[in-house]
Amino acid sequence: MIARLLRYTGLAVAGLLALAVVAALIVGNRLYASLPQTSGTMDAPGLQNTAHIVRDSWGIPHIFADRDRDAFYALGVAHAQDRLWQMEITRRALRGRVAEVLGEPGVSSDIFFRTMGLGPAADTAAENLPADIQAALEAYAAGVNAVIDAPGFVAPPEFQILMMQPEPWTPADTVVVYKAIALDLFGNAFEEPRLAALQAHLGPERTLEFIGRYPDDAPRSLSMADLGLEEAAATPEIETPTQGPEDNGRDGSNNWVLSGSRTVSGLPILANDPHLGLRAPAIWYLARITAPDGSVVGATLPGTPFVTLGRNDNIAWGFTNTGPDVGDLHAVTEADVTGSREEIIAVRFGDDITITRRETATGPVLDPEHFPAYAVPEGADFFALQWMLDEPDDATTGVGMHILAGQDWQDFVDAVRNFVAPQQNMVFAARDGDIGFYAPARIPVRDVDGNWVSTIPFEDLPHTRNPERGFIATANNKIVPDGYPHYLTGDWYGVNRIRRIYEGIESTDRHDLDSMAALQIDTVSVMARQVLPVLMTAEPASEAGREALVMLAGWDADMAVDRAEPLIYAAWMRSLSRAVYADDLGDLFDRWYADRRVFMTDVLTGDLGAWCDDSTTEAVETCLDLLGPALDDAMEQTMGDHGADMSAWRWGDAHYARHAHTPFSDFPVLSDWFTIETPVPGDGSTVNVAHFSYRTPGYDVFHGASYRALYDMAEPDASRFMITTGQSGNVMSRHYDDLAPLWGRGEYVEIPTGWTMDAVPEGMSVLELQPGSQ
């Protein structure tokens, strides 16, 4: 959502101006001067004891400190050196201060975030955090500010181009970053008007068909036995899902954990690859932290002091998004408004804008002037939002610190008890052999009128330990059995991915890191395998269509970069989808045109074939009537883009990840410099997900595995890691994009923790942080 709101349209004049500024800066060598100091010594005001940042050949820091507080300080230094712009723009976005630096293109984003009030909510939550968490955030902020305040500091290129300086970092800014991730994984309430319009158009029954119910035969991650519950009647679910199982961009994440009974070593293996919007630089930053109590290594979020996803010496953990229904829109009147205040949005190169932010007992009002898509029903004046992102006692920020110190399952459970949002499917593994799962969060319980009356008790949230089958896997699929007594959501998705993951895990009795890596980067489309027998009955009229059928006849459904068949299949399904439901949706089609995999599979292989009838004609068309023309149309369009020689087509030539930079990927000239592009296999249905949009031309991938990790509890130092672009956010650095080709090919790096400062491996750079005066 943040990426969508921050897509600005760069004007040609702005691009030319930026080019002139860049040229002047290059002449002055200022851009290169912004590269960080990675060796020698650095004064560190506020540091208690000497600490070290040792970077490997990929720019991954190994941090050594005598105290936890100093470790958090040192990570603040590393983040500020490598990702300062990313931290700055995230903070500004959530606080509604983008227009201050970008002018008019940032106004709509600022209005949205000022209305949501997440900046003030973060300030309040920061004040309410326990003292030990506040101390950690203060140490981290001191490390960030030590870089900004260092003599001779030169800001990264974005600051120079925009002619601005970073502001000091505060503990509340760290809470803002956590709010940013929570918002990225939230969205169901904002989809309610769109879904209501669809239901009004199609009717309830056909809407459910189109959205797609979670299939009866698709895996549920937990059984009633896993939950320690007796079998019971299925819990009624809200009849209309909140967004739809396979809507555009809803291709979340994978994780799974195997017990020792299913591994070669006899100890657990844990896999995790959260799927998020692709950005430059990467969302995550790899780091190892070693303090007196041990080491922790994995993915950190720039702007925060803890390893969010990773392992320590005893346990490993990984997250996927649960996607619960934790947001509602309520139609309210002016009488329901409990308070209001004016918000002044400063606009660079323009006039300031004043908006009125109204509040109700449930949450902020969506002013129709600024949220025109949310048309209120008769008798109401506004919609008001209710959600979990503005809870004043939100202690999610501190959960990461408590996980770091965990030694076993009970420590892990105690650590996640205060997790508020966003709800995550957390898998767990320990060197003592335990595996487990918990989905913590604050989830509303509603009465028959939809009012929030309480929350699901922590002990009743989905969780299990050491299930009999020897593994736990999630892929944003339905995690609870049909008899689970609480409503979480009707918006389960990831059906194809979870089927393939179960198939991979159950294909052999014993796994190792290599077999788990093969599954994590698997690009076989379950959907393609399901629908190909039907597609092959097509009767195309064109020679190109017939040639395409011949090529598909020998295809194994692997969406590989070096094959033509994935491009044929993708183009065909895109054309066929339009033929199947454009007539039914009418004016709503453009808003719902997407790779609707559950629905299209049911149309082609299930009992929804009636959708193939064209409602605009008197004849009754079947799916067979649509297949051939859709293939002919797809091949004509694809030949126009990729040439007439089908055998020369390659999926990787059309299907590449576009890691967009905020804001310069939308500015002429600068876009080519800051944007990172990488050919990738897969599609929206594969385990190695690579989602493209039906609504825009081409097959640019905007959503994929933001982080990949495999943790081996028998040999932790053999664990494998990867992020999408590179460690640095500085476009002048060789580490800005050096990991992107490895990520695209499904490769990994290791981050061993077995060595110490007494034996630094050859080729690493060592920066010593020396305590200085405040």
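Contact here means heavy atoms within 4.5 Å of each other. With that in hand, let's look around this predicted model.

Some ground rules come first. Residues are numbered from 1 along each chain as its sequence is written, and side-chain values use heavy atoms, with hydrogens and water left out. Since the model is predicted, local features need pLDDT of at least 70 and side-chain atom pairs count only at pLDDT 80 or more, while totals for chains, interfaces and linings use all residues.

**Confidence**

The score called pLDDT is the predictor's confidence in each residue, from 0 to 100. For this chain the mean is 93, and 93% of the residues reach 70 or more. Residues 4-13 fall below 50, and that stretch has 25 contacts in the model beyond near neighbours in sequence. Residues 242-249 are also below 50, with 51 contacts counted in that way.

**Around T675**

Helices (H or I, at least four residues) and strands (E, at least two) are DSSP runs, numbered from the N terminus. T675 sits in the loop between α24 (670-674) and β22 (676-679). Buried means under 20% relative accessible area, exposed means over 50%, and partly exposed is in between (1.4 Å probe, protein chains only). T675 counts as buried because its relative accessibility is 15%.

Who does T675 touch, leaving aside its neighbours within four places in sequence? The answer is R658, H659 and S665. With the side chain of S665, the T675 side chain makes a polar contact at 2.5 Å. (A polar contact is a pair of N or O atoms within 3.5 Å; within protein, one must be able to donate a hydrogen and the other to accept it, and residues adjacent in sequence count only if both atoms are side-chain atoms.) The T675 side chain also reaches the backbone oxygen of S671, at 2.8 Å.

**Salt bridges**

Side chains of opposite charge can pair when their charged atoms come close. A salt bridge is a side-chain nitrogen of Lys or Arg within 4 Å of a carboxyl oxygen of Asp or Glu. The structure holds 38 salt bridges, including these:

| Pair | N to O distance |
|---|---|
| D173 and R91 | 2.7 Å |
| R311 and D717 | 3.1 Å |
| D482 and K478 | 2.9 Å |

D173 lies in helix α10 (residues 171-184) and R91 in helix α4 (residues 68-95), so their pairing ties together parts that are 82 residues apart in sequence. Both D173 and R91 are buried.

R311 is buried at 2% relative accessibility, whereas D717 is partly exposed at 26%.

Elsewhere, salt bridges that share partners join E88, R91, R92, R95, R97, E100, D123, E167 and D173 into one network.

Two strands pair if DSSP finds at least two bridges between them. Strand β2 (residues 51-55) pairs with β3 in the antiparallel sense over four bridges, and H62 is the bridge partner of V54. The hairpin of β2 and β3 has five residues between the strands, and there G59 takes a positive phi near 80°. Strand β6 (residues 285-291) runs parallel to β3, joined by three bridges, with R288 of β6 opposite H62.
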